[in-house]
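Morning, everyone. Please have the sequence and the model open, and follow along with me.

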Amino acid sequence: MSALLRLSLLASLSLLAGVAQAQPTEHRVPHLASSAPVTATLDSLKIINHGLVGVGRLPAATRDFNGDSLGSFSAMAVVDWRRDGDGRYEGEILTLPDRGPNAVGEIKGTSDYGNRLHRFSVRFAPAASGAPEQMTLTPRGGVLLKDAKGQGFTGLDPSEPAAAGRISLDSEGLARAKDGSFWVSDEYAAAIYRFDASGMATGMIPPVAAVAPLKAGQPHPSGASPAETGRRANQGLEGLSLTPDGKRLVALLQSATLQDSVEGKDETRANTRLFIYDVSTKATPTTPLAHYVVQLPVFRNKGDGGAPDKTAAQSELLALSEHQFLVLARDGNGRGGGATRAAVYRAVLLIDTSGATNLAGTPYETSTKPIAPAGVLDAGVIPARQVELINFNDPSGMARFGLNLDNRATNAFTLPEKLEAMALVPALDPKAPDDVFLLIGSDNDFQTASGTVGGLTFDAGVRDAEGKPAGDNENLILVYRLTIPGWSKGRAG
């Protein structure tokens, strides 16, 4: 064999090996933040993270417009955002709670909680440091979600007899159109429901075959018992977003499907799926026009340097364009999570699907053919590229706003476990026209000692390591200032 041919073969094998070795990033010890500003670059898009500029809090014991405990924020959307001459901001936030409290007090399983949207007026005054509240939220009502017959949705698991005749919805993602209509993504069926501005359902986008939960070949949308293929229980379409032009709806599965992972090996759940739907002419298309793999980070839960044993499942998605997205991926460590260990990984990633393999219409989508047998991505599938933008494990940055990362003895100012909602609004600053604010909201899982839903009371307050009451898990909003060229004009990058 000639030297030239040998070099050519070696180069080919090297390229093949590079494809085969597409692996998620690993974090074996707590991943701590660098000082802001931080720049994240993918191709022509360069985003600057200027750091945390404010926080807002909402007591967990707050009652909503329906008289129930207010559990937010699993998702959010901001409308009517404006800036006054003093550099202060006002607007309105719509927030989406999930399926309600679970197995607390008189509630033995999932609750018969009517799915809803909350509405708040908001005031925000960015601050470089000082008191821990720069954003104030005032409840202004909301709407209960109804099916096409006017009947309410329920948070009850579909397997519960009391759910019969109603649509069970574990609402997680929210995308709002300019006319006030909106989509809500579901963890039970991995479907996406469309609603008009009044909260009345007008249609549904069904899950593709690869994601639809099946057991013995039949639909199995229960979150209480596992399916055999499709989305994992309680790991459905967690992220949902519209592109800035309103033409594409983007949904992201929380972690890998059952056929793309190994039961009992959480670290194999890294290869999740992102779907893009054309909603420019039809609000509820039946199939996506694009389908990509997103590799989530994996980490060592104890943070002791050992091999990764967990996947940082994603909790939210924001579309910057048709191919660029922000994804919030995190561990389960923080106030309300019950663990005293330090958080290892929780961050916002910049994702780009340019150059990734489009699986739309292939057997990877139209059947349960795995993209990642035993959790290892097929060599022929190229995942989306990614780079880290925001690292929440930032002790000094959080301390500037009165927050802490101490999970050993949490208090009302400890960063919560479930950072789950994101929204972008323009800074409206003539001196920095590309600057925006990224709002990050927490889902407190209705963790209050004085809870009530549907007339049933419950105590779901936080407990310390000894099981003693340790207060409520307040709802929190973090506000970061970013520079995203072109976003305000609907064409990031």
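**Sheets, cis bonds and positive phi**

Let's start with an open sheet of 4 strands, ordered β20-β21-β22-β23, with antiparallel pairing. At its edges stand β20 (314-319) and β23 (385-391); each has a single partner strand, so one side of each is left without a neighbour in the sheet. On average, neighbouring strands here are turned by 25° against each other, direction ignored.

Some ground rules before I go on. This is a predicted model, where local features need pLDDT of at least 70, side-chain atom pairs count only at pLDDT 80 or more, and totals for chains, interfaces and linings use all residues. Residues are numbered from 1 along each chain as its sequence is written, and side-chain values use heavy atoms, with hydrogens and water left out.

Now the terms. Strands are DSSP runs of E, at least two residues, and helices are runs of H or I, at least four, numbered from the N terminus. Two strands pair if DSSP finds at least two bridges between them. Angles run from 0 to 180 degrees between N-to-C directions, with axes fitted as lines to C-alpha atoms, for helices over the stretch in contact.

Back to that sheet. How many bridges join β20 to β21? There are 5, and β21 covers residues 324-330. The two strands run antiparallel. Take L318: its bridge partner in β21 is L326.

Next, another open sheet. Look at E26: it stands opposite V298 in β18.

On to the backbone. Which peptide bond is cis with omega near 5°? That is the bond from A36 to P37. P37 sits in the loop between β1 (26-27) and β2 (38-42). The bond from S72 to F73 is also cis, with omega near 15°. F73 is in the loop that links β3 (45-58) and β4 (75-83).

Last topic: positive phi. A374 is not a glycine, yet its phi is positive, near 55°. You will find A374 in the loop between α2 (363-366) and β23. F446 is not a glycine either, and its phi is about 60°. F446 belongs to the loop between β25 (435-442) and β26 (451-453).

Is F446 buried or exposed? Its relative accessibility is 1%, so F446 counts as buried. Buried means under 20% relative accessible area, exposed means over 50%, and partly exposed lies in between, using a 1.4 Å probe and protein chains only.
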